[in-house]
Amino acid sequence: MNFLWPQFLWLLTAVPLLVLLYVWLMRRKKKLALRYASLSIVREAMGAGQSMKRHIPPLLFLLAMVAMLVAAARPMAVVVLPSNQQTIILAMDVSGSMRATDVLPNRLVAAQEAAKAFIKDLPRTVKVGIVAFAGSAQVAQLPTVNRDDLVTAIDAFQLQRATATGNAIVVSLATLFPQAGIDISNFGPQSRQRGVPIEQAGKAPAPEFTPVAPGSYTSAAIIMLTDGQRTTGVDPLDAAKVAADRGVRVYTVGIGTVDGETIGFEGWSMRVRLDEETLKAVANKTSGEYFYAGTAADLKKVYDTLSSRLTVEKKETEVSALFALGAALLAFLSAGLSLFWFNRIL
């Protein structure tokens, strides 16, 4: 626990002095009582149990004072709070290798079912967008809170050739920041061409942007699921750099074969391999996290974990109010017990 005003903790040194003062007063009171026979008789009548009771209210009041002094130092603690996550983009691989059956019933169906369960468990206030990618990336569904539209978009996936993981990140970022001028044409050799494309002529230039700390943008996140390595399109690490500069976390999920194997279907065959190194690098660069799912059950667990990560967050927060509340409750309890037992407050 940290304190914003730790200098106030020096006031706690007064607590032992108060204890000594209380002990001195009790002894003084005892000496005075011994001078009067009537008081001694009352003391004997009260008994040891009643004698112990009289120390409880002062002890509670002392604890209340300690809590108030700690509150004055403005303590900070890491607590779990509801996340302010507002938008999540699901970027899902729809390349041909997703029809492989090493994840039952096949990779695509398992990914679809897990994604739909994930969406169902999210708070209704969280917007979700869908980006489908293979040789290119397209927005299958703009961010929305309508769960039926999201399910329809997921069920409508069509398998295509190639895998452009970098494009998926770029399109996801462009969806999150539509006014930022993020576009595939800004990457690769074409970004160094002179002149302006005719479709962009007359448009206002993209606003100036100052990079922020990776992971600092807590209003949105990207979850990218893929079963292969990039074969075309933008370098995913270049795209991850753009996400990191905007503070957006990219959580990567790998599904399928890590070591690589040849998958055949409908007379075609292809060599596929999950590029875990790149997926881990993308997650690390953006302060996200990488998950591997070897089975449909594993994939569901991954999405369950992501759901809990994205709906709550650990945050260092000032907890002075809790200590102040505790002090008030102890003070009221102390006064109440004293009034109930002895007809006086302390």
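Me: What is the handedness of the crossing of H3 and H10 in this predicted model, left-handed or right-handed?

Reply: In this predicted model, the crossing of H3 and H10 is left-handed; a crossing is given that name when the near helix is turned anticlockwise from the far one by less than a right angle.

Me: Why is H3 called roughly antiparallel to H10?

Reply: Helix H3, residues 56–72, packs against helix H10, residues 320–342, at an angle of about 165°, and their axes are 8 Å apart. Angles over 145 degrees count as roughly antiparallel, and therefore H3 is described as roughly antiparallel to H10.

Me: What makes up the contact of H3 with H10, by class of residue?

Reply: On the H3 side the residues include Ile56, Leu60, Phe61 and Met68, and these belong to a set that meets residues of H10 including Phe323, Leu330, Trp341 and Phe342. By class, the contact of H3 with H10 has 20 nonpolar and three polar residues, with no charged residues.

Me: How do you know that H7 is roughly parallel to H8?

Reply: Helix H7 (residues 236–245) and helix H8 (residues 276–285) pack at an angle of about 15°, with 9 Å between their axes. Since angles under 35 degrees count as roughly parallel, that value makes H7 roughly parallel to H8. The crossing of H7 and H8 is right-handed.

Me: Which residues make the contact of H7 with H8, and into what classes do they divide?

Reply: H7 contributes Pro236, Leu237, Ala240, Lys241 and Ala244, while H8 contributes Thr278, Ala281, Val282 and Lys285.

Me: Why does Thr252 count as buried?

Reply: Thr252, which lies in strand S7 (residues 249–255), has a relative accessibility of 0%. The cut-off for buried is under 20% relative accessible area, and so Thr252 counts as buried. Leaving aside residues up to four places away in sequence, Thr252 touches Met224, Leu279, Val282, Ala283, Glu289, Tyr290 and Phe291.

Definitions and conventions:
Residues numbered from 1 in each chain as written. Predicted model: local features only at pLDDT ≥ 70, side-chain atom pairs only at ≥ 80, totals over all residues. Heavy atoms only, no water. Axes fitted to C-alpha atoms, helices over the stretch in contact; angles between N-to-C directions. Helix = DSSP H or I, 4+ residues; strand = E, 2+ residues; numbered from the N terminus. Parallel < 35°, antiparallel > 145°, perpendicular 65-115°, else oblique. Contact = heavy atoms within 4.5 Å. Buried < 20%, exposed > 50% of the residue type's maximum accessible area, 1.4 Å probe, protein only. Nonpolar A, V, L, I, M, F, W, Y, C, P; charged D, E, K, R; others polar.
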